[in-house]
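Here is a friendly briefing to read alongside the model. Have the sequence and the 3D view open as you go.

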Amino acid sequence: MKQFSYILMFAAVGIFAMIEQSKPAPNRFIMIGAMAVFMFGLFRLMKKIPSKNEEENDTEI
């Protein structure tokens, strides 16, 4: 599932947004959709990475 997220993020930004941006009149909906998919994928990826401050907060209590 993680590999699928990576592929989806890079495909959304790399293919759709870059090709659409190079056109003289880019479609805004495609650009917004590509950015939304990228942000959602980044959110899911960052949610799995633990915080550095978690250990420090546990020792202070």
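This is a predicted model: local features need pLDDT of at least 70, side-chain atom pairs count only at pLDDT 80 or more; totals for chains, interfaces and linings use all residues.

Residues are numbered from 1 along each chain as its sequence is written, and side-chain values use heavy atoms, with hydrogens and water left out.

**Overall fold**
- The protein chain has three helices and zero strands, and its elements run α-α-α from the N terminus on.
- Helices (H or I, at least four residues) and strands (E, at least two) are DSSP runs, numbered from the N terminus.
- The chain has 61 residues, of which 11% count as buried; buried means under 20% relative accessible area, exposed over 50%, and partly exposed in between (1.4 Å probe, protein chains only).

**The cavity**
- Searching the whole structure turns up one cavity of 30 Å³ or more, and the largest cavity has a volume of about 60 Å³.
- A cavity is a set of points, on a 1 Å grid over the protein atoms alone, where a 1.4 Å probe fits but cannot get out; lining residues have an atom within 4 Å of a point.
- Grid points are joined across faces, edges and corners, and the volume is the space filled by probe spheres set on the points.
- The lining consists of Lys2, Ser5, Tyr6, Met9, Gly41, Arg44, Leu45 and Lys48.
- Two or more lining residues come from each of α1 (2–21) and α2 (28–47), and α1 gives the most, with four residues.
- By class, the lining has three nonpolar, two polar and three charged residues (Ala, Val, Leu, Ile, Met, Phe, Trp, Tyr, Cys and Pro count as nonpolar, Asp, Glu, Lys and Arg as charged, and the others, Gly among them, as polar).

**The salt bridge**
- One salt bridge is found in the whole structure, between the side chains of glutamate 20 and lysine 23 (3.4 Å, N to O).
- The term means a side-chain nitrogen of Lys or Arg within 4 Å of a carboxyl oxygen of Asp or Glu.
- Glutamate 20 is buried at 7% relative accessible area, whereas lysine 23 is partly exposed at 42%.

**Alanine 17**
- Alanine 17 sits in helix α1 and counts as buried, at 7% relative accessibility.
- Beyond its neighbours within four places in sequence, alanine 17 is in contact with Ala12, Met31 and Ala34 (heavy atoms within 4.5 Å).
- Alanine 17 and isoleucine 32 lie 15 residues apart in sequence and 8.6 Å apart in space, C-alpha to C-alpha.

Key. On a 1 Å grid over the protein atoms alone, a cavity is a set of points where a 1.4 Å probe fits but cannot get out, and a pocket is an open set with protein on both sides within 12 Å along at least five of seven lines; lining residues have an atom within 4 Å of a point.
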